[in-house]
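Please look over the protein shown below before reading on. The notes after it are grouped by topic.

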Amino acid sequence: MKLLHLDSSILAENSASRELSAAIVARWQRDVAGIEVIHRDLAGSHALPHLDGASLAKADAVQAARAQRALDEFLAADVVVIGVPMYNFGIPSQLKAWIDRVAVAGQTFRYTEAGPVGLAGGKKVIVAGTYGGLYPLEEGRNFIEPYLRQVFGFFGINDVSFITAEGLAVSPEMRSDAIAAAHARIGEAQALAA
């Protein structure tokens, strides 16, 4: 089994999403013998440039190879764990740059007369989301969860779950409580693998 671990926070060791995504990965490593983990720091050493005409045309061989590696790692993964902080109501642009490299017609989706068809199904995606404020889905102010469900659903992946910590910037107590609650949810019984 292969697990792809992506982090997109710019806050390095001060990142709550990195803390939670690492805890999720540690749980998988503890509970699934022989799991292979690949970690990519999308805001650090594995950052991808934003998509532009040159990268789309594969004009730079080095960048084209990095984009292909990102796609290959995603396609090979059985499980994808993503650390996603909310920046200005959305995902970090570093994560969007990665999505732009794995959203490849003929590889992760295709268009048909009946509409798009996802080609990357059979994976499990777990998102460790962290939000400075409170963004209940029912109030329509959380754009991260619907967006990521749409993206991965477009790829044919319907097994997408979220472990979130909200209100991290409200107060130190709320931050501590929210992170502790998220760790508790990581520790609860949830289906890891088939």
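This is a predicted model: local features need pLDDT of at least 70, side-chain atom pairs count only at pLDDT 80 or more; totals for chains, interfaces and linings use all residues.

Residues are numbered from 1 along each chain as its sequence is written, and side-chain values use heavy atoms, with hydrogens and water left out. Helices (DSSP runs of H or I, at least four residues) and strands (runs of E, at least two) are numbered from the N terminus. Buried means under 20% relative accessible area, exposed means over 50%, and partly exposed lies in between (1.4 Å probe, protein chains only).

**Nonpolar cores**
- A nonpolar core is a set of buried Ala, Val, Leu, Ile, Met, Phe, Trp, Tyr and Cys residues joined through side-chain atoms within 4.5 Å.
- The largest nonpolar core has 32 residues, of which Phe74, Leu95, Trp98, Leu148, Phe152 and Phe155 touch the most other members.
- Two or more residues of this core come from each of β1 (2-7), α3 (61-76), β3 (79-85), α4 (93-102), β6 (124-130), α5 (144-154) and β7.
- Helix α4 gives the largest share, five residues.
- Another core, apart from this one, has 20 residues, including Ile126, Ala128, Leu168 and Ala178.
- Contact means heavy atoms within 4.5 Å. Beyond its neighbours within four places in sequence, Phe74 has contacts that include Leu4, Trp98, Phe152 and Phe155.

**Helix α4**
- The buried residues of α4 are Leu95, Ala97, Trp98, Ile99, Arg101 and Val102.
- The cover over these buried residues includes β1, α2 (53-56), α3, β3 and α5.
- An α-helix has 3.6 residues a turn, so residues three or four places apart point the same way.

**Salt bridges**
- A salt bridge is a side-chain nitrogen of Lys or Arg within 4 Å of a carboxyl oxygen of Asp or Glu. The whole structure has nine of them.
- Arg18 and Asp7 form one, with their closest N and O atoms 4.0 Å apart. Arg18 lies in helix α1 and Asp7 in strand β1, so this pair ties together parts that are 11 residues apart in sequence.
- Both Arg18 and Asp7 are buried.
- Arg30 and Asp31 form another, at 2.7 Å; Arg30 is exposed at 59%, and Asp31 is partly exposed at 35%.
- Salt bridges with shared partners join Asp7, Arg18 and Asp41 into one network.

**Ser17**
- Ser17 is in helix α1 (residues 16-31) and is buried, with a relative accessible area of 0%.
- Leaving aside neighbours within four places in sequence, Ser17 is in contact with residues including Asp7, Ser9, Gly83 and Thr130.

**Loop residues with positive phi**
- Most residues other than glycine have a negative phi.
- Lys58 has a positive phi of about 55° although it is not a glycine. Lys58 lies in the loop between α2 and α3 and is exposed at 55% relative accessibility.
- Asn88 has a positive phi of about 50° and is not a glycine. Asn88 sits in the loop between β3 and α4 and is exposed, with a relative accessible area of 77%.

**Surface patch**
- Leu134, Val170 and Met174 make a nonpolar surface patch of about 250 Å². Patch residues have over 30% relative accessible area and no salt bridge; like charges are joined within 9 Å, and nonpolar side chains (Val, Leu, Ile, Met, Phe, Trp, Tyr) within 5 Å. Accessible areas come from the Shrake-Rupley method with a 1.4 Å probe.
- Val170 is found in the loop between β7 (159-165) and α6 (172-187).
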